[in-house]
Amino acid sequence: MIKKPVMIQIRNGLEARPVALLVQVASQYDSEIYVESEDRHVNAKSIMGMMTLGLNYGDSIVVSANVIDEEEAMKEIEKYLSGNLSDQKTKIKAVVPTKSLSGDSLFLWLACRRIFSLLQVYRTLSNRIYE
């Protein structure tokens, strides 16, 4: 098992799109990859789990990986979180829906989008209150 402290260097922090990309990077590896922030321990392959961390630019986290490809996984995740996207050689597979959303899928997508928006508002307000 590898554990490494990493500082978030993505300018806007880990909002919805950066979290989705991080989950895609982590999902390319067989390793179990976890992110620890304060007292929380979240699977890096879980978009909902990662969104609950509410990580901002400059936050320190601990990334841990274990199993077969842990070293390569750790290297690519660290590279992504460093914000150096121009020299990044990480191959992220694009997720393209094969059909448009409708019915329950559309409802779920809209509900998740609303939850993420509310989490961002809550995070912003709580940061302002405690500053």
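Trainee: At roughly what angle do the axes of helix 1 (residues 16-27) and helix 3 (residues 70-81) cross?

Mentor: Welcome! This is a predicted model, where local features need pLDDT of at least 70, side-chain atom pairs count only at pLDDT 80 or more, and totals for chains, interfaces and linings use all residues. Residues are numbered from 1 along each chain as its sequence is written, and side-chain values use heavy atoms, leaving out hydrogens and water. Helices are DSSP runs of H or I with at least four residues, strands are E runs of at least two, and both are numbered from the N terminus. The axes, lines fitted to C-alpha atoms over the stretch in contact, with angles from 0 to 180 degrees between N-to-C directions, come within 10 Å and cross at roughly 165°.

Trainee: Which residues of helix 3 meet helix 1?

Mentor: Contact means heavy atoms within 4.5 Å. From helix 1, P18, L21, L22, V25 and A26 take part. Their partners in helix 3 are E76, I77, Y80 and L81.

Trainee: Is E38 buried or exposed?

Mentor: E38 sits in the loop between strand 2 (32-37) and strand 3 (40-43), and its phi is near 55°, a positive value in a residue other than glycine. Buried means under 20% relative accessible area, exposed over 50%, and partly exposed in between (1.4 Å probe, protein chains only). At 74% relative accessibility, E38 is therefore exposed.

Trainee: What is phi of V67 near?

Mentor: V67 is in the loop between strand 4 (60-66) and helix 3. With a relative accessible area of 43%, V67 is partly exposed. Its phi is positive, in a residue other than glycine, and near 110°.
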